[in-house]
Amino acid sequence: MLEPDDFAELCFQQSGVLTTDQAVRLLTRGVVRGHLNAGRWRRICRGVLTTTNGVLDRRRQMWAAVLTAGPEALLGGVTALTEAGVRGLRETSLRVVVPAATSRSLRLPTMPPDMPPIRLTRTRILPDEHRGRGSPPRMVTCRALVDAAAWAPSEDAARTIIAATFQQRRVVADDVLGVLAARRRLPRLALIKRTVLDVAGGAQALSEIDFAALCRRSRLPAPDLQRPRREASGRLRYLDAYWPRWRLHVEIDGAHHLEARQWAEDMLRQNQLWISGDRVLRFPAGLIRSRPDVVIGQLRSALEAAGWRN
């Protein structure tokens with residue numbers, strides 16, 4: 001027997017978005033029809049309604065997407081990452097994932113103008129441990145990251161998604177590698193795994209990931225990335241790339257390094273490294289991609305001057 005508060009509780013849990021079957025089961029068909037006809041509620045699409053009559057906010061949009069796709073649907077990809085707190089990612093659609101075995105005939109109904117497009121993806125691999133506990137239901141963050149990188153429009157976009165998620169400490173490498181172990185036919189599998197290992201090794205930005213890959217391709221010794229170092233003032237700094245055996249430090253300068261205050265601080269920091277006996281090379285982030293031969297030429301010369309032999 002239903003309790004009086006069942007309807008209120010479900011509305012609270014689902015931000016006022018219900019399937020028609022849920023509403024009818026709790027209130028009867030006549031009551032539901034009355035609310036809709038009176039304009040107190042609105043129908044979002046076939047089989048899904050909201051107990052308000054205003055524009056759908058983001059949370060109601062996500063609930064509508066999940067409920068439209070069926071009882072086993074989950075938010076996935078960038079949509080799930082955003083819900084997990086990853087900032088700076090952009091996607092104009094809502095990504096929803098459903099099990100392939102239960103969705104062969106699923107067709108999404110026409111949605112109203114205040115609903116973003118729904119991108120429905122079927123998956124054959126959906127173990128229970130990949131189902132998160134979010135509201136609306138979503139993939140666990142490590143699985144959502146892997147999917148988002150595989151679905152990204154470019155390899156750069158995939159690596160940016162991975163770097164942002166790790167930078168914001170929403171995942172750990174072991175969890176992501178565990179997902180990859182179960183997805184051996186995943187698009188970009190090698191790229192995703194290599195990027196995860198680079199980020200886990202200390203790379204913080206796309207330029208640093210590019211730099212680590214450039215060193216590997218050129219068969220140079222692997223640097224320590226984001227290595228902590230205590231300055232004479234006592235302040236803890238992180239070196240972008242450092243070869244302790246040869247005391248070589250590489251700084252990769254992004255756009256913020258061009259600001260006057262940052263530029264002065266960078267020069268003082270570089271001077272301190274030189275005083276302590278380190279060699280220091282600096283490269284603009286864009287140069288790593290536009291002129292990798294120049295970067296590698298100077299890097300190789302610096303290593304050889306410090307005693308490295310290939």
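Two strands count as paired if DSSP finds at least two bridges between them. Keep that in mind for the sheet. This is a predicted model.

Start with β7 and β8. They are joined by 6 bridges, and the two strands run antiparallel. Strand β8 spans residues 236-243. R227 has L239 of β8 as its bridge partner. R229 sits opposite R237, again in β8.

Now the next pair. β8 is joined to β9 by 3 bridges, also antiparallel. Here A241 faces V250 of β9. The β8 and β9 strands make a hairpin, with 4 residues between them. In that turn, R247 has a positive phi of about 50°.

How buried is β8? Of its 8 residues, 6 are buried, so the strand is largely enclosed by the rest of the structure.

What is the strand order? It is β7-β8-β9-β10, in an open sheet of 4 strands with mixed pairing. Which strands stand at the edges? Those are β7, residues 224-230, and β10, residues 279-284. Each has a single partner strand, so one side of each is left without a neighbour in the sheet. From one strand to the next, the twist averages 45°.

What packs on this sheet? Helix α13 does, residues 292-305. This helix touches β8, β9 and β10. Its direction makes about 175° with that of β10.

Helix α1 covers residues 6-13, and its buried residues are F7, L10 and C11. Why are they on the same side of α1? They cover an arc of only 100° around the axis, which puts them there. What do they pack against? Their partners are β1, residues 17-19, and α2, residues 20-27. After α1 comes S15, with a positive phi near 55°.

Stay with β1 for a moment. T19 lies in this strand. Is T19 buried or exposed? Its relative accessible area is 17%. The cut-off for buried is under 20%, so T19 counts as buried. Set aside neighbours within four places in sequence, and T19 is in contact with G47, V48 and L67.

Now a helix pair, α7 and α9. Helix α7 is residues 155-167, and helix α9 is residues 189-200. Their axes come within 10 Å and cross at roughly 35°. The crossing is right-handed. Which residues meet? From α7, they are E155, A158, R159, I162, A163 and F166. From α9, they are L191, I192, T195, V196 and V199. By class, this contact has 8 nonpolar, 1 polar and 2 charged residues.

Last, the totals. The protein chain has 13 helices and 10 strands. Of its 310 residues, 48% are buried. And the contacts?

Helices α7 and α9 cross at roughly 35°.

Notes. Residues are numbered from 1 along each chain as its sequence is written. This is a predicted model: local features need pLDDT of at least 70, side-chain atom pairs count only at pLDDT 80 or more; totals for chains, interfaces and linings use all residues. Side-chain values use heavy atoms; hydrogens and water are left out. Axes are lines fitted to C-alpha atoms, for helices over the stretch in contact, and angles run from 0 to 180 degrees between N-to-C directions. Contact means heavy atoms within 4.5 Å. Buried means under 20% relative accessible area, exposed over 50%, partly exposed in between (1.4 Å probe, protein chains only). The arc is that of the directions from the helix axis to the C-beta atoms. A crossing is left-handed if the near helix is turned anticlockwise from the far one by less than a right angle, and right-handed if clockwise. Ala, Val, Leu, Ile, Met, Phe, Trp, Tyr, Cys and Pro count as nonpolar, Asp, Glu, Lys and Arg as charged, and the others, Gly among them, as polar.
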